[in-house]
Amino acid sequence: MNSHTVQREEDEIDLREIVKTLLRHKQKIIFFTILFTFIAAWIAYFKPNVYSASSTVEVGLENRYGSNQDILSMAISPEAFSPDTEIEIIQSRFVIANALKKVDFAHRYYKDSMFREIELYTDSPFEVDLSDGYGLSFELTPMDENRYRIQAKGIDEQTKEEWEADKVYQYGQKVEEKYFAFTLRLKEGSRINSGSYRFTVLDPLSAVGSAQRNISVAQTSKFSSILQITVEDNVALRAKEFANALAEGYIEQSIQRKTLEATMTLDFIDEQLALINDNLQHSAVKLENFKKETNMVNLSTKAEGVVAKMSEYDGKLEEVSMEEKMLSSLYAQVVRGKNLETISAAGLNLENTGLPELIKELQDTVIKRKLLLEDYTMQHPEVIKLNGTLIQLKKVITTAIITLNKRVETKKKLLLKTISEYEGVMQTLPKDERVFSELQRKYLVNEKIYSYLLEKRAATAITKASTVSKNRVLDTAIDPIAPIKPKRKMMVLVGLILGLIVGIAFAFISEFMDDRIKEEEDVRKATSISLVGSIPSISDGSDKVKVFESPKSVFSEAFRSLRTNLQFMKITEGPMLITITSTIGGEGKTTVGSNLGAIMSLTGKRTVVLNLDMRKPMLHKRFDLPNNEGVSSVLANKATVESVIQATGYENLDIISSGPIPPNPSELIQSRKMAEMIDTLKKTYDVIILDTPPVGLVTDAMSLMKISDVSLYVLRAGYSKKEFLHGINRMADQHEIKGLGLLLNDMKVGKHGYGYGYGYGYGYYEEDK
């Protein structure tokens, strides 16, 4: 036989052992599979449905830097679209709180149905207006059409003691208790059914937090400007409504941000208009009074030209002064670093300077940092990174403002110089004409500035009214058709597979931890001593001699096979002396001895069975015989061999019971009297069977085994330990025991028949009599 054949046989043996182990523990495997499948089905049934609804918004891309982009600005923010910022905005508490104004996320109404609790949402037959007791769970039981019962419990925040409430109220009644206050009304046209209801109301902050956990926002693709807003909820309708409310809230906040600049511009213009209006009226009064006093109506041509020019330059000087003032205010706000998200360059002509884009970048960075600080500390790496970006942006913006301010100062100096030159010309005019010119000049300057501000205000108001968000909702959420989880079929399948795995693992662990002998293969693997037979279990559990009761049974056939094997083991002529022993009690020595004697007697051989287990005699009970005298009586010289022999009632079969329990059974068995007794019996009987004490507990049987023709060592399947076989091997090596053979008792019968010691299958006979 080559190595490949040996390897193949070993593989086949291993596979056979695996199959045997699985079959042996199949009930446990089935039990665990059913148990885990049931648990998975139970969890799947009671786990609430979760629905998903999604809406998509397009983030409008703006030309942040105009046609002449500032190189440094581009280096600071090379991307035209920052998805992280927009995602954080959508998930911010501000946007969620605005969205929750349109969706009822605080009130939760539940009803028990089919052993589980389902949320009713808008299908609730009642509504609750709660003013105190947020977060408490109220159990509601309808009493009749007008009354309901409320049960609630909680812990007193001050005393830390548990409290309970159980009271009946009227529908529509204002309930005011120590720990809660609410009004519960039936909805118009609704009727509350019998059963158990429950409701709870979340406070606004908890409602926002609960909603925030159910939101996810992501780009539809890496380079896409489209964001998908997904909401998961136990109620399909609420998931849809909240997803749509979030998308709308995001658009609304973007419009609010865009109109904020226009609003601030209008406020500034209104302040300036009020001031210029006062100046204009005051100039008009002074000019009119001067005309009346001097009777001057018009200026000379030269004077009119000078006044017109000076009025023009005075208007420009006023505009430059306003611009200088606004730049100084913007610079101070950036340096202070407070409320940066509200700074505005409204009213400044900053086209092609890159400053508006830098300011927007600064505002976006501030908002992103605020959102991060809601969940993290200042030591978070991303926050530290944003702080560095803010410092850099503020430095760039202040530098740009200083540069612009210098340009304004230069322009202002030029205007002042020009005005000064015209004032020199004015000094050459007559006094009255010079005063008249000065008054008219102030009047014209104020009138021009007032008109300019009115134009600016009208343009800004139009801009504010016509402001639309560059963001837009692409797809609104629709009603979810089916829940996305739990995957009930998958859960049950996983439970089944897990149960199967646990069952198989338990089977192999049990097999590994179980040191009991279970089948013939366990015996053959551990010892080279011959296995002369295997005895099946007695199905009815009877203590009687089964060979006589059921001669055609599988049990009787096993003893016939054993009888044949024992006859081959005897190599000398004359009566056969058989010693039967075991390692411990309960392995079936007496059962084997009585039935072996019975099967031997059926062949016509005179057979006697001796019970030498004097400490625990059982043989006489198998034949319903007394135990007044027996082996101990003979060995103690209190009776003769012939007087203690008892007929069993079956032909050719007698027994000698153990007799009274002596104080020294070991000494009696090892005495010369025991050998004389055996010699006496050999003169009368063809087969002498000795039922000895367990050799693993006492050494009584060892001396008898040495003089026996056959020594039968009984092992019980599912009871005897595998380590017993190591003790048998040592005993066989240390003592010269002829005719030693092993017998495996109490084997379970397979449905395809029964295998004996030499591998023959006997499935022909049934368990009949």
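Is Asp624 buried or exposed? Asp624 is exposed, because its relative accessible area is 59% (buried means under 20%, exposed over 50%, partly exposed in between, with a 1.4 Å probe and protein chains only). The model is predicted, so local features need pLDDT of at least 70 and side-chain atom pairs count only at pLDDT 80 or more, while totals for chains, interfaces and linings use all residues. Residues are numbered from 1 along each chain as its sequence is written, and side-chain values use heavy atoms, with hydrogens and water left out.

The protein chain has 769 residues, and 44% of them are buried. It holds 23 helices and 23 strands (DSSP runs numbered from the N terminus; helices are H or I with at least four residues, strands are E with at least two). The accessible surface of the chain is about 41,500 Å² (Shrake-Rupley method, 1.4 Å probe; for residues, only the protein chains shown count as cover). Carbon and sulfur atoms account for 53% of that surface. Among contacts in the chain with a separation of 6 or more, 76% link residues 24 or more positions apart (contact means heavy atoms within 4.5 Å).

Two backbone cases involve a positive phi. Asp624 has a phi of about 55 degrees, although Asp624 is not a glycine. Its place is the loop between α17 (619–622) and α18 (631–635). Asn652 is not a glycine either, and its phi is about 70 degrees. Asn652 sits in the loop between β17 (646–647) and β18 (653–656). With a relative accessible area of 23%, Asn652 is partly exposed. A further backbone feature is the cis peptide bond between Lys485 and Pro486, with omega about 5 degrees. Pro486 belongs to the loop between β13 and α12.

Strand β13 (residues 472–475) contains Leu474. Leu474 is partly exposed, because its relative accessible area is 30%. Leaving out residues up to four places away in sequence, Leu474 touches Thr56, Val57, Glu58 and Ile226. Leu474 and Glu58 are 416 residues apart in sequence, yet their C-alpha atoms are 6.5 Å apart. Helix α12 (residues 488–513) contains Val494. Val494 has 44% relative accessibility, so Val494 counts as partly exposed. Val494 also belongs to a nonpolar surface patch of about 600 Å², together with Met490, Leu493, Leu496, Ile497, Leu498 and Ile501. Patches are made of residues with over 30% relative accessible area and no salt bridge; like charges are joined within 9 Å, and nonpolar side chains (Val, Leu, Ile, Met, Phe, Trp, Tyr) within 5 Å.

Two further helices were compared with their expected span (1.5 Å times one less than the number of residues). Helix α15 (residues 554–569) has 16 residues and reaches 23 Å from its first C-alpha to its last, close to the 22 Å expected. Its buried residues include Val554, Phe555, Phe559 and Leu562. Helix α16 (residues 589–601) has 13 residues, which should span 18 Å, and its end C-alpha atoms are 18 Å apart. Helix α16 is mostly covered, with 13 of its 13 residues buried.

The count of salt bridges comes to 27 (a side-chain nitrogen of Lys or Arg within 4 Å of a carboxyl oxygen of Asp or Glu). One of them joins the side chains of Lys102 and Glu252, at 3.1 Å from N to O. Lys102 lies in the loop between α5 (93–100) and β2 (107–113) and Glu252 in helix α7 (residues 236–294), so the pair ties together parts that are 150 residues apart in sequence. Lys102 is partly exposed at 44%, and Glu252 is partly exposed at 37%. Asp613 and Lys589 form another salt bridge, with their closest N and O atoms 3.6 Å apart. Asp613 lies in the loop between β16 (607–611) and α17 and Lys589 in helix α16, so this pair ties together parts 24 residues apart in sequence. Asp613 is buried, with a relative accessible area of 10%. Lys589 is buried as well, at 7% relative accessibility. A network of salt bridges links Lys20, Arg24, Glu511, Asp514, Arg516, Lys518 and Glu519.
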